[in-house]
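Dear colleague,

Please find below the structure that I am handing over to you. My notes on it follow directly after.

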Amino acid sequence: EVIRRELQGVKGVKSATLSYEIPDGTDGGQAPIYQLGRDSTQAVASQVLVSDENYLGVYQIPLHAGSFFEGNGADSAKVILNDTAIKALGYGSAIEAVGQPIRIPGDPTIFHIMGVTKDFHFGSMQGQIEPIIFFNVHFATQFRFLSFKIQSGNIPVTMAALQQKWTSLMPGAPFEDKFMDDTLAHLYQSELQLKKASYTATILALII
């Protein structure tokens with residue numbers, strides 16, 4: 001978190017977030033969740049996202065009800081769910097779900113729903129939106145990505161400054177970066193190829 005704050009102070013960086021997953025379609029694992037007091041055998045399998053308090057802002061994920069993580073140790077037993085997870089658990093609405101306790105089979109922790117996000121695609125838009133649960137990095141201390149929202153003015157200068165700051169903070173640690181637009185282009189490459197193939201087949205069919 002200290003390194004995140006230092007990098008966020010680099011000129012041209014608007015915000016930064018620390019997480020284990022980024023919305024690139026890569027499965028970070030699942031956790032079965034169920035309402036406290038209900039049958040654990042009916043637990044709902046949910047896509048896990050581990051993040052800090054800045055994740056929604058960097059990736060522009062809208063909040064439906066409640067609030068997101070606040071950036072302190074009190075976040076450790078609080079979770080954020082998406083609308084699909086709320087419905088799968090049997091709550092009538094997102095507002096109704098806020099503050100309610102849930103559990104994971106085999107884990108003694110009683111989690112409380114702090115907020116609910118609107119549904120968003122974690123992977124390809126061709127796939128169905130799954131239940132999603134956010135854990136805070138204070139609870140699941142596993143992370144592998146720093147994501148930055150940077151100003152569009154002079155991106156090469158900002159990237160160079162980020163790399164320089166990174167090297168000074170963590171000498172010997174490689175600086176490996178990628179842009180989300182490139183990641184999404186790769187994610188949708190197969191869909192675009194299928195779309196072109198479909199158009200070509202239609203044209204050929206018309207000619208025949």
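S147 is buried, its relative accessible area being 8%. Please note that the model is a predicted one. The residue S147 is placed in strand 9, which covers residues 145-150. Through its side chain, S147 makes a polar contact of 2.7 Å with the side chain of Y59. Beyond its neighbours within four places in sequence, S147 is in contact with S15, A16, T17, I22, V58 and Y59.

**Salt bridges**

Three salt bridges are present in the structure. In one of them, D52 pairs with R4, and the closest N and O atoms are 2.6 Å apart. D52 lies in the loop between strand 3 (44-51) and helix 2 (55-59), while R4 belongs to helix 1 (residues 2-8), so this pair ties together parts that are 48 residues apart in sequence. D52 is buried, with a relative accessible area of 0%, and R4 is buried as well, at 6%.

R4 also forms a salt bridge with E53, for which the closest N and O atoms are 3.4 Å apart. Here too, distant parts of the chain are linked: R4 is in helix 1 and E53 in the loop between strand 3 and helix 2, 49 residues apart.

Because E6 lies in helix 1 and K165 in helix 5 (residues 155-169), the pair ties together parts that are 159 residues apart in sequence. E6 is partly exposed, at 35% relative accessibility, and K165 is partly exposed, with a relative accessible area of 28%.

With kind regards

How values were computed: Residues numbered from 1 in each chain as written. Predicted model: local features only at pLDDT ≥ 70, side-chain atom pairs only at ≥ 80, totals over all residues. Heavy atoms only, no water. Helix = DSSP H or I, 4+ residues; strand = E, 2+ residues; numbered from the N terminus. Buried < 20%, exposed > 50% of the residue type's maximum accessible area, 1.4 Å probe, protein only. Polar contact = N/O pair within 3.5 Å; in protein donor to acceptor, adjacent residues only side chain to side chain. Contact = heavy atoms within 4.5 Å. Salt bridge = Lys/Arg side-chain N within 4 Å of Asp/Glu carboxyl O.
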